[in-house]
Every structure is written in C-alpha cells, then in structure tokens.
Amino acid sequence: MCGIIGYTGYSEARGILLKGLKTLEYRGYDSAGIAVYHPDFNENLVTKCEGRVEKLMEKTSDVKGVCGIGHTRWATHGGVCDANSHPHKFGAVTLVHNGIIENYAAITNQLGIASKLRSQTDSEVVAALIDYYYDGDPRKAIISAVKELSGTFGLAIMFDDIPNEIFAVRNVSPIICCQNEDGVYIASDIMAIGEYSEDYFVLPEFSVAHITKDSIDIVDFNGNEIKPDMLKLDWDIKNSGKKGYPFYMEKEIMEQPEVITKTIETRIKDGKPDFTEEKVDDSIFTECDNITVIACGTAMHAGLIGKHLIEKTCGVPVTVNMASEYMYNEPIINDKTLVICVSQSGETIDTLEALKYARRRGARSLSIVNVKGSTIARESENVIYTNAGPEIAVASTKAYTTQVSVFYLITAKMAYLRGKINEEECAHFCSQLLQVPSAVSNVLERRTDIHKLSKGILTAEHTFMIGRGLDYPSLLEASLKLKEISYIHSEAFASGELKHGTIALITDATPVIALLTQEKLMSKQVSNIREVQSRGAQVITFIRSSLVSKDVNCSFELPDLDDDFMAIPSVVAMQLLAYYVSSDKGLDVDKPRNLAKVVTVE
C-alpha cells in the first residue's frame, strides 16, 4: 500500500524519482520523500514531508545527484507526519519499505534503540537492524537482518559509504526492475518505470539485488547467482495519462468498451471460449466438484456475478469468500475444489495468502489478474489476464468489468465442456457476450443523462439500492463505488429483504436507486419500488429497455441484452452515477480519503 521508486544512472535522479512517485500516488498519498546521494557530503540526504508529491517537489528543488530512492506512503505503523514519512535513515543505512514488520517491537527491544528512533514506524527499525549488522559487507548485513524479520517487505536500501548504488530485497511485497542505456530503475509497480524499458523482471523473493548504473546482480541467501525471468510489458504506458479527462476514473470508465473487447474477442474462437494461449488445461473445468472464489472488495463482487453465472449455467456449486476471512473459517477444500482468485493488482495480500493456503490443502487454482508477473499470477497454477491496461484511479471500474467478462468466458467454457450447453448454445452465449461492449458504449454515449440524475443524490446522507437476482450483486458494486468516492453512506439490498427490517430506515430524505434488468423478476421488483415510494422515498430507476412499462417510471433506459448479460452495462451506468456525484461535490475522485489502490498488508 506504499509506492517505491529507485534510480541510479547518468541523469539527475530527482526528476525521475518525483515522476515515479507521482505515478505511484494511487498506492499511497499520506506523505512522500526521497533520498539522493550527495557527493559533496558523501552521504545520502533525505527530504520528506507529510502530504502529496507536489509538496515534496517544492522542498527538493535544489536536490542534486544521480542515485536515489523514493517513497509515497499510506500509513500503517504510526500516524501521518513528517517523521513517519520515508525514507528512513539510521546510521549508515537509508531505506524505503513497502509491507509490514510484525516483530518490530521485539527487534527494538533487542537492539535497545527505542530512545534513538525518530519515528513510530516499523520501517525505521529495519534500517536500524541492517545498520547493526553492517560491517562493510552490505549483502551480509541485509541477509542477516532479513532473517530476523517476520512479515512482508519490499526494501530499497542505500549505504552512505557505497555511493550511487542501491540494494533491494523482498518477501511478498513486489520489487520490479528494468534497465536502459541511461541507468537502472526499480519500483514497486511497473507503472512507475515502464516508460524506460518494455523488458523487466520481478525480483525473486529472498534474494538480494545489487544495482549500479550499468548492472543488476542478484544472488540468493547462499550466494548463488540468480538469473531472473524476463517479462515484456504489453501495456502502452504512454496511454496511461488522463487524455484530457479531469480524472483518471472518468477516462477509465470511458475505456471499458475497448478493454472488454480486448479481453473477450481474442479468447473466442469458432463460437467457443478458448484459453489455449494461457495454457489453461480443460481438466480444471471438468474435474472439479465445487468452486471457491476468493477476493476482496470490488473483485469479490465480480466473483458474485461469476457465482450466479456458473451455478445457473454449469450446475456447479460456487462459494464466494472474503479473502481476509477465508483461512480463519476452516473452509472445506480438497483436490476436487477449484479455487478462483480475483485481484486487479495480483498483489492483494489477503487474496495471496488465501491462495497459498488453498493450494497447500490440495485445491487446484486459477487466478484472474491484470498485472503480468504479479505475485498471485506466479503463485497460481493457472492465470487469465484481464487486459484492462493500467488502472490509476483508486476506485476500480474497468478492472471490474473485465474480471466479470472473464467469468462469462469461464462459464461458457465450463458449461460446454461438461455438456450443459451444446455447440449452438455456446455460440449464442458468446455472441451475446460480444454485444456487451456495444451496450456499454450506448450507456457512455448518454452519460449526460446520468449526470442529471446524480443531482438527486448530491446532498443525500444515506442512499439505498435495491434489485433482485443478478441485479443484487451488481448493486453491491454500485453501492461500494458511491461510498468510496462520494462519502455518501450507501447500502445495497436484495429487494425482497426490505420488509424484513431495512424498510424502517426509508424516509422522504432517503433516495433509493432501483435496478430492473431481470425479466422474470420484473413484477416483484416493481412491487418493491412501490413499497419504498409509499414511505416517501424518491426512487431513481435504471431499467432495461425491453422492460420499460407504465408500471413504473423509468429514469434511465439501459440497452437490451439477455438477462444474464446485463451485469456489465448496468454497473457502468452506476459507475457514472457515483463519478458525477463525487466530481460535483468537488472531491478528489481518483484518490478518496483513507484508501489506497493496492492492499499489501493484512
């Protein structure tokens, strides 16, 4: 949940570090800092401050040097203040840290350094531990220190007496490395350094990288040289800017027809889903007796859509689990269980640990992720990439709809292989899926109508969302979006549950958003709308075009697809609704308070 950047080479480090930190702000933006080796002082000079990277830019205008490390923070240990910002320096050691050290208090007592620490962070304790072991051999000191750490960490380290060189080591928390003729770059996310080279690698866990301006040498803890697996960036980093939009979130919402098409079209051949390119063996779809989806937040909502589709079409029982609770609930797993993990970043720590747990128990695994080379992708037996491209806004939009798109493909593949649908039915399913991007475009073309509707909830303190069948999990995601970026308390309910208690909260000051896309449930949903209207609620309705009738007022007409394919266009409309409420309130849509994009601590 923090961003790391490092550079050593032939150019001034300050600009490269600050540019990287600005890119990484979605991983944390409580505070920021850089450390750059200054040849005149023969040491690494640290500049850091509470607040956004813009503030750090002002404080570092006179910083000179060709080697440095930087960090943007989302607070875990210690409050938000200058002292708790990274980098941290102790003795000869300067470092930045992503992760969490569980035994930092014991190490503090062991070293007797409590009175010498300048911050409340676990990270400064790591710097002190490395300094304690440092006798001129940096690798030896790093390895000795790391062997005492419990927890997760990605560390970029500099030593005062080793000018213009960086060392890196990690456990779980990612460190990405690349190189060009101008130097060597490291970061916690390829987004920060992808513009410098399309060829990169992920530093292997529990190995030490020694980085100079011309080389990256890696050895394991036994001193054996390691050659990392090279990856090739398939995103257009130059397309990661806002492209004239005021916020990344709006840009990413507008990109959804393109990325959904990219996700599904290349995987449909002769009217059937095809995962040959991903080397996903058919047996994982045919030999499982049950499926467990493991995910957090938005990704979990994608899993709920997957559950609906798979159970209905394939007849295979699916459970959807919050990754943070999964291991602690003694789940039933065996070799007939297929675990599907869903994560945009592929680094979500709760999901990663749950995946490892399930695999130890004998389950087969398939992960749906967006980032090549991510930890979850590497830990999983099989992986399908969503092809969403870089997503910068903290609130996920295109990552979600491409995850749902993959679940459609999995559903059709599994149903066909199991004989639940024949070739003709599979072709019809895929043809409906191929119409989804056009339906999304239709919603986006009429976004000004949704903007007008957003005025109806702009001043609300509470909002409820109601729907039935497939509309309910779609509204869970819609409600999360509204909460995340507008700070309006919002709850989604299966409409039939209202009368079992929740309707007591309905007043004339409570806007209700109703979604109606499921033909078989239309009459029941209309009855539920009348229930809340009779209590004074103002209802905003999003209705599939073929279901519009005089029985209920239609606020926004959604494009028409079969029931099971309405999940994506309907949620895109809700994304826009949340976006306009947030932007009209003057909030920072891309960086909502207290949230970071990538959650790498439990």
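# Close-up views of the predicted model

**Figure 1. Phe206 lies in the loop between strands β11 (199–202) and β12 (207–211).** The structure is a predicted model, in which local features need pLDDT of at least 70 and side-chain atom pairs count only at pLDDT 80 or more, while totals for chains, interfaces and linings use all residues. Residues are numbered from 1 along each chain as its sequence is written, and side-chain values use heavy atoms, with hydrogens and water left out. Although Phe206 is not a glycine, its phi is positive, at about 50 degrees. Its relative accessible area is 36%, so Phe206 counts as partly exposed (buried means under 20%, exposed over 50% and partly exposed in between, with a 1.4 Å probe and protein chains only).

**Figure 2. Lys243 is a further residue other than glycine with a positive phi, near 55 degrees.** Lys243 belongs to the loop between β14 (230–232) and α6. With a relative accessible area of 52%, Lys243 is exposed.

**Figure 3. The protein chain has 19 helices and 26 strands.** Along the principal axes, its C-alpha atoms fill a box of roughly 80 × 50 × 45 Å. The radius of gyration is 25 Å, which agrees with the value near 25 Å for a compact globule of 602 residues (taken over C-alpha atoms; the globule rule is 2.2 Å times the number of residues to the power 0.38). Of the 602 residues, 62% are buried. Among contacts with a separation of 6 or more, 73% join residues 24 or more positions apart; a contact means heavy atoms within 4.5 Å.

**Figure 4. The largest nonpolar core has 92 residues.** Such a core is a set of buried Ala, Val, Leu, Ile, Met, Phe, Trp, Tyr and Cys residues joined through side-chain atoms within 4.5 Å. Ile291, Ile310, Tyr408, Ile410, Met414 and Phe542 have the most contacts inside the largest core. Helix α19 (residues 567–584) gives the most to this core, with twelve residues. When residues up to four places away in sequence are not counted, Ile310 touches Ile291, Gly315, Val316, Val318, Phe407, Ile410, Thr411 and Met414.

**Figure 5. Helix α7 (residues 256–265) includes the buried residues Gln256, Pro257, Val259, Ile260, Thr263 and Ile264.** An α-helix has 3.6 residues a turn, so residues three or four places apart point the same way. The buried residues of α7 pack against α6 (248–254), β15 (268–269), α13 (398–417), α14 (423–434), α15 (436–445) and α19.

**Figure 6. The second largest cavity holds about 80 Å³ of space.** Its lining has 14 residues, of which Arg73, Thr76, His86, Asp122 and Ser123 are the closest to its centre. A cavity is a set of points, on a 1 Å grid over the protein atoms alone, where a 1.4 Å probe fits but cannot get out; lining residues have an atom within 4 Å of a point. Grid points are joined across faces, edges and corners, and a volume is the space filled by probe spheres set on the points. A search of the whole structure finds two cavities of 30 Å³ or more. To the lining of the second largest cavity, β4 (67–73), β6 (93–101) and α4 (122–133) each supply at least two residues, and β6 gives the most, with three. This lining comprises three nonpolar, nine polar and two charged residues (Ala, Val, Leu, Ile, Met, Phe, Trp, Tyr, Cys and Pro count as nonpolar, Asp, Glu, Lys and Arg as charged, and the others, Gly among them, as polar). His86 is joined to Pro87 by a cis peptide bond, with omega about 0 degrees. Pro87 lies in the loop between β4 and β5 (88–90).

**Figure 7. The second largest pocket holds about 400 Å³ of space.** A pocket is an open set of grid points with protein on both sides within 12 Å along at least five of seven lines. Of the 19 residues that line the second largest pocket, Asp234, Arg267, Lys372, Tyr385 and Asn387 lie nearest its centre. By class, the lining of this pocket has seven nonpolar, three polar and nine charged residues.

Conventions:
Helix = DSSP H or I, 4+ residues; strand = E, 2+ residues; numbered from the N terminus.
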